[in-house]
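Here is a friendly walk through one protein, told as questions and answers. Take a look at the model first, and then we can go through it together.

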Amino acid sequence: MSDSFCPDCKKQTEVAFDHSAGDTVCTECGLVLEAHSVDETSEWRTFANESNDNDPVRVGGPTNPLLTDGGLSTVIAKPNGAQGDFLSSSLGRWQNRGSNPDRSLILAFRTIANMADRLGLVATIKDRANEIYKKVEDLKSIRGRNQDAILAACLYIACRQEDRPRTVKEICSVANGATKKEIGRAKEFIVKQLEVEMGQSMEMGTIHAGDFLRRFCSTLGMNNTAVKAAQEAVQRSEELDIRRSPISIAAAVIYMITQLSEDKKPLKDISLATGVAEGTIRNSYKDLYPYASRLIPNTYAKEEDLKNLCTP
């Protein structure tokens, strides 16, 4: 109940809402103040066929501008149980027989969404990967190529463009069997095709060691003090001429930081967490070792503590 002005009572009175008739009625004199009003609140009612389904959702998914029909086409569901209705089953068969120009796109977008969810990526990266695949698919140049590698490469490029890069090995772990080499070739192919189409170079963003560091540290279970020291060391390493990949530098910095802490991490664990081979981490550590005093913050390790670092 709520208060409203009643012209019959000439004062503010309590009113009651009759939802079945849509009327607003004065509780004192019974005057209908408003008739056939529209209830604009949510109608939490279940329209599912299953009695145990309490999902009140009765709307479809959002529109997808990348699809011909915007993703708003009607899909005839399968009949429930073995004794299904003949009409609905027939309509379903006819729909499956009909040509859907977006069928391959829908399957591709679904695969990209599954890979993105397994990597914990945000929706903007997934949408960007869908756009990249749509552009490449429109060029009709991916026929006969490894579809899983193409989709994984689209996701890799999207991560780079959205400044949330992932390593090729991380992408490979969710790529449905596509190898690192296949994904790398697919990435080069997509970039080349889109650059020819656009007539200009394709921006993919610059990879920095700091883009991977926090995720690697979290996987290794490092404490906040060590993580902050590693981040500062990685930032200082960009001022040096270390000709190593950002991922290798991040792994070597983590190894260096953990050697100065009580919770030392074995090289094998760092290799598993970062996806960098143990030999590559050792070689990168050799390149960073002469600059240890410049890389390690004084608040984390003093000059005499650096002597505890293992020599390469």
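Q: How much space lies in the second largest pocket, and which residues are the closest to its centre?
A: In this predicted model, the second largest pocket holds about 230 Å³ of space. Its lining is made up of 15 residues. The closest to the centre are Tyr156, Thr167, Val168, Ser245 and Ile247.

Q: Which helices each supply at least two residues of the lining of the second largest pocket?
A: The lining by class has 7 nonpolar, 4 polar and 4 charged residues. The helices that each supply at least two residues of it are H4 (147-161), H5 (168-172) and H9 (246-259).

Q: Why does the second largest pocket lie between two domains, and which are they?
A: Look at where the lining residues come from. Both domains give residues to the lining, so the pocket lies between them: they are domain 2 (102-198) and domain 3 (209-307).

Q: How many cavities of 30 Å³ or more does the count come to, and which residues line the largest cavity?
A: The count comes to 1 cavity of 30 Å³ or more. About 50 Å³ of space lies in the largest cavity, and its lining divides into 2 nonpolar, 3 polar and 2 charged residues. The residues that line it are Met222, Asn223, Ala226, Thr258, Ser261, Asp263 and Lys265.

Q: Is Ser284 buried or exposed?
A: Ser284 has its place in helix H11, residues 278-288. Leaving out residues up to four places away in sequence, Ser284 touches Arg244, Ser248 and Ala252. Its relative accessibility is 1%, and the cut-off for buried is under 20%, so Ser284 counts as buried.

Q: How many disulfides does the structure hold?
A: A disulfide here needs two cysteine sulfur atoms within 2.5 Å. With that cut-off, the number of disulfides in the structure is 0.

Q: Which class, buried or partly exposed, does Cys159 fall into, and which does Cys172?
A: Cys159 has 0% relative accessibility, so it counts as buried.

Q: Where is Asp23, and is it buried or exposed?
A: Asp23 sits in strand S3, residues 23-26. Not counting residues up to four places away in sequence, Asp23 touches Ala16, Phe17, Asp18, Val32, Glu34, Ala35 and His36. The relative accessible area of Asp23 is 18%, and under 20% means buried, so Asp23 is buried.

Q: Which residues does Leu67 touch, and what separation is there between the C-alpha atoms of Leu67 and Lys134?
A: Leu67 is found in the loop between strand S4 (32-34) and helix H1 (86-97), and at 11% relative accessibility Leu67 counts as buried. Leaving out residues up to four places away in sequence, Leu67 touches Asp102, Leu105, Ile106 and Phe109. Leu67 and Lys134 are 67 residues apart along the chain, and their C-alpha atoms are separated by 9.1 Å.

Q: What percentage of the residues of the protein chain count as buried, and what percentage of contacts join residues at least 24 apart?
A: The protein chain has 12 helices and 4 strands. Of its 312 residues, 36% count as buried. Among contacts between residues at least 6 apart in sequence, the share that joins residues at least 24 apart is 56%.

Definitions and conventions: Residues are numbered from 1 along each chain as its sequence is written. This is a predicted model: local features need pLDDT of at least 70, side-chain atom pairs count only at pLDDT 80 or more; totals for chains, interfaces and linings use all residues. Side-chain values use heavy atoms; hydrogens and water are left out. On a 1 Å grid over the protein atoms alone, a cavity is a set of points where a 1.4 Å probe fits but cannot get out, and a pocket is an open set with protein on both sides within 12 Å along at least five of seven lines; lining residues have an atom within 4 Å of a point. Grid points are joined across faces, edges and corners, and a volume is the space filled by probe spheres set on the points. Ala, Val, Leu, Ile, Met, Phe, Trp, Tyr, Cys and Pro count as nonpolar, Asp, Glu, Lys and Arg as charged, and the others, Gly among them, as polar. Domain bounds come from an automatic or database domain assignment. Buried means under 20% relative accessible area, exposed over 50%, partly exposed in between (1.4 Å probe, protein chains only). Contact means heavy atoms within 4.5 Å.
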